[in-house]
Amino acid sequence: MDTENARLATQENLFGAAENVIEYLVENFAGFDFLPEVELGEFGPVYEIRTYELKHGGVPHVLEAWKNAVPTRTQYSKLTIAMYALDGTPRIVSIWPYASLNERSEVRAKAVADGIWPPKGGPQWLTHEMQSMIALPTAVSPLK
């Protein structure tokens, strides 16, 4: 990780998109080990990037809860990735693609109404700090 961070710091054309990068922040994560690698392609064009801060010691409990719930939850919509932080505040980040903001709202509401989300055994390990960002891919994004 240190080698890659040093490489980024000295790169002149950061991410091949220097004209679009004003600032960047490097955070280090590991993907949930029970999920497949990220599949690149066109799955959006609306992506929700959701970050939950965890109580200390919560990572293994949240991983187990997600492991049990993700197979059913992904029948409602695709999951691009879920990962936990290797540095800083304990946290998890998940990225979910949707065809539209309306689809996002409908899928999330149905998953909650059906009782399959949030994952049982996970929420008690979350703090009250959560961020949800809606992102639209740029021309250089491998996810569309």
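These are my notebook entries on a predicted model of one chain.

**Entry 1: ground rules**

The model is predicted, so I keep local features only at pLDDT of at least 70 and side-chain atom pairs only at pLDDT 80 or more, while totals for chains, interfaces and linings use all residues. I number residues from 1 along each chain as its sequence is written, and I take side-chain values over heavy atoms, with hydrogens and water left out.

**Entry 2: overall build**

I looked up the secondary structure and found 3 helices and 5 strands. Helices (H or I, at least four residues) and strands (E, at least two) are DSSP runs, numbered from the N terminus. Read along the sequence, the order is α-β-β-α-β-β-α-β. The radius of gyration is 16 Å, close to the 15 Å of the globule rule for 144 residues, so the chain is as compact as a globular protein of that length. That radius is taken over C-alpha atoms, and the rule is 2.2 Å times the number of residues to the power 0.38. I also noted the span of the C-alpha trace along its principal axes, about 50 × 35 × 25 Å.

**Entry 3: contacts, surface and charge**

I looked at contacts (heavy atoms within 4.5 Å). Of those in the chain with a separation of 6 or more, 78% are between residues 24 or more positions apart. Buried residues are 32% of the 144 in the chain. For burial I use relative accessible area: buried is under 20%, exposed is over 50%, and partly exposed is in between (1.4 Å probe, protein chains only).

The chain exposes about 9100 Å², of which carbon and sulfur atoms supply 55%. Accessible areas come from the Shrake-Rupley method with a 1.4 Å probe; for residues, only the protein chains shown count as cover.

I counted 12 positive and 18 negative side chains, with the centres of the two sets 9 Å apart. Lys and Arg count as positive and Asp and Glu as negative, with His and the chain ends not counted. Each charge is placed at NZ of Lys, CZ of Arg, CG of Asp or CD of Glu.

**Entry 4: nonpolar cores**

A nonpolar core here is a set of buried Ala, Val, Leu, Ile, Met, Phe, Trp, Tyr and Cys residues joined through side-chain atoms within 4.5 Å. The largest one has 17 residues, and Trp66, Leu79, Ile92 and Trp117 touch the most other members. Strand E2 (46-54), helix H2 (59-73), strand E4 (91-98) and helix H3 (101-113) each supply at least two residues of this core. H2 gives the most, with 4 residues.

I then listed what Leu79 touches, not counting residues up to four places away in sequence: Leu35, Trp66, Val70, Thr74, Ser94, Ile95 and Trp96. Another core, of 5 residues, lies apart from the largest one and includes Met83, Val93, Ile95 and Leu143.

Ala65 is in helix H2. Ala65 is buried, at a relative accessible area of 3%. Leaving aside neighbours within four places in sequence, I find Ala65 in contact with Pro119, Lys120, Gly121 and Gly122. Its C-alpha is 20 Å from that of Glu48, 17 residues away along the chain.

Leu40 sits in the loop between E1 and E2. Leu40 is exposed, at 54% relative accessible area. With neighbours within four places set aside, Leu40 still contacts Pro142 and Leu143. From Leu40 to Asn102 I get 62 residues in sequence and 23 Å in space, C-alpha to C-alpha.

Ala139 lies in the segment after E5 and counts as exposed at 77% relative accessibility.

**Entry 5: backbone geometry**

I found a cis peptide bond from Gly44 to Pro45, with omega near 20°. Pro45 is in the loop between strand E1 (29-31) and E2. A cis bond also joins Trp117 and Pro118, with omega about 5°. Pro118 is in the loop between H3 and strand E5 (126-135).

Phe15 has a positive phi, near 55°, in a residue other than glycine. Phe15 lies in the loop between helix H1 (2-9) and E1.
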